[in-house]
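Please examine the sequence and the three-dimensional structure shown below. An explanation in running paragraphs then leads through selected features.

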Amino acid sequence: MPIENEKILSGHIKDLARRAYENNFITCTNFLSASELAQIDMICKRDGYYTGEKEIEGARFCLYGGANEADRVVMAFLPEYLDEESFIAQEKESSDIVKCVCIAPANARFADELTHRDFLGSIMNLQIERDRIGDIRTDHTKAYVFVTGDVAELLCSELVRIKHTTVKCSIVPVTACDIEPAFKAIEGTVASERLDAILSFVYKLSRNESARLVEEGAVAVDGHIAFSGGYDLKAGARVSVRGHGKFIYDGAKNITKKGRTLIGVRIYV
């Protein structure tokens, strides 16, 4: 991240935390990607903003995206009277900060098969900024889109067509989303839990090809660009590989008689 952008992000996070702490009300960011969260974590560690576990400048915070396993989340700074569990329960009931918009074809018989990219592109064509849009869960016909509260009504009033499909939009409770991320679970053995070994297993690459992806900066682990394939992945790590996709590493399950490590991986499909 360029230095000027880093300064803006640093100041923004510090300001939100202090306002929540001093005024005792909720403040929050717009939606953040994994790489932006990693950048915030680096800044807070470097500049001493952390004042406790999940606490910045005295204000507790939680990450919330409206759905389970959300990739894009808001960072919400909480007042003294509200803990994370209560905040999430409150959001599920009233959806003040993150709203859910259901986008469905007006006539399913004449609907195109629509991808995540189709939904996102049509929404952004309405001049809605990317950081106002969270996860998009789609079954290729309808979609549930998580957005900041200030753009939900705009989306419902302005979005009428995606590709050749006429659509209708409605604001629904975040709990109405019944589409979960689709994964393909696989297991196999690797020589070690090194990143490059696991990349080779998941994408059927040679060790040299995996190493080259890392060297080119094409691999991110939990939002951080990986600069070496030689360190061990931890269970729960989210790995994104440019041009190949992304997966969640579920960790080592056993050691075989030949000394190889049996691992589990969930690949996004």
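The paragraphs below treat helices, aromatic contacts, charges over rings, and backbone angles in turn.

The model discussed here is predicted. Helix α1 covers residues 3-23, and leucine 9 lies within that helix. Is leucine 9 buried or exposed? Its relative accessible area is 14%, and because buried means under 20%, leucine 9 is classed as buried. Along the sequence, leucine 9 is 30 residues from glutamine 39, while in space the two C-alpha atoms are 8.9 Å apart.

Glutamine 39 is one of the buried residues of helix α2, a group that also includes Leu37, Ala38, Ile40, Ile43 and Cys44. Helix α2 itself comprises 14 residues, 34-47. From first C-alpha to last, helix α2 reaches 20 Å, which is close to the 20 Å expected at 1.5 Å a residue. After α2 comes glycine 48, with a positive phi near 75 degrees.

Helix α6 consists of residues 195-203 and helix α7 of residues 207-215; their axes come within 8 Å and cross at roughly 115 degrees. As to handedness, the crossing of α6 and α7 is right-handed.

The aromatic rings come next. For the pair formed by tyrosine 64 and phenylalanine 87, the centres are 5.9 Å apart and the planes stand at 80 degrees, an edge-to-face arrangement. Edge-to-face is the term here because the angle between the planes is over 60 degrees. Tyrosine 64 belongs to strand β4 (residues 59-64) and phenylalanine 87 to helix α3 (residues 84-94), so the pair ties together parts that are 23 residues apart in sequence. Both tyrosine 64 and phenylalanine 87 are buried.

Lysine 246 lies over the face of tyrosine 268, with a distance of 4.6 Å from the ring centre. The ring of phenylalanine 183 has the charged end of arginine 266 over it, 5.2 Å from the ring centre. Strand β16 spans residues 261-268 and contains leucine 262. With a relative accessibility of 22%, leucine 262 counts as partly exposed. The C-alpha atoms of leucine 262 and alanine 185 are separated by 13 Å, and these residues are 77 apart along the chain.

Most residues other than glycine have a negative phi. Lysine 54, although not a glycine, has a positive phi of about 50 degrees. Where is lysine 54 placed? Lysine 54 occupies the loop between β2 (50-52) and β3 (55-56), and at 35% relative accessibility this lysine counts as partly exposed. Histidine 140 is not a glycine either, and has a positive phi of about 80 degrees. The loop that holds histidine 140 runs between β7 (133-138) and β8 (143-148). The relative accessibility of histidine 140 is 37%, so histidine 140 counts as partly exposed.

How values were computed. Residues are numbered from 1 along each chain as its sequence is written. This is a predicted model: local features need pLDDT of at least 70, side-chain atom pairs count only at pLDDT 80 or more; totals for chains, interfaces and linings use all residues. Side-chain values use heavy atoms; hydrogens and water are left out. Helices (H or I, at least four residues) and strands (E, at least two) are DSSP runs, numbered from the N terminus. The expected span of a helix is 1.5 Å times one less than its number of residues. Buried means under 20% relative accessible area, exposed over 50%, partly exposed in between (1.4 Å probe, protein chains only). Rings of Phe, Tyr and Trp (its six-membered ring) pair if their centres lie within 6.5 Å; planes under 30 degrees apart count as stacked, over 60 as edge-to-face and the rest as tilted. A charge sits over a ring if NZ of Lys or CZ of Arg is within 6 Å of the ring centre and within 35 degrees of the ring normal. Axes are lines fitted to C-alpha atoms, for helices over the stretch in contact, and angles run from 0 to 180 degrees between N-to-C directions. A crossing is left-handed if the near helix is turned anticlockwise from the far one by less than a right angle, and right-handed if clockwise.
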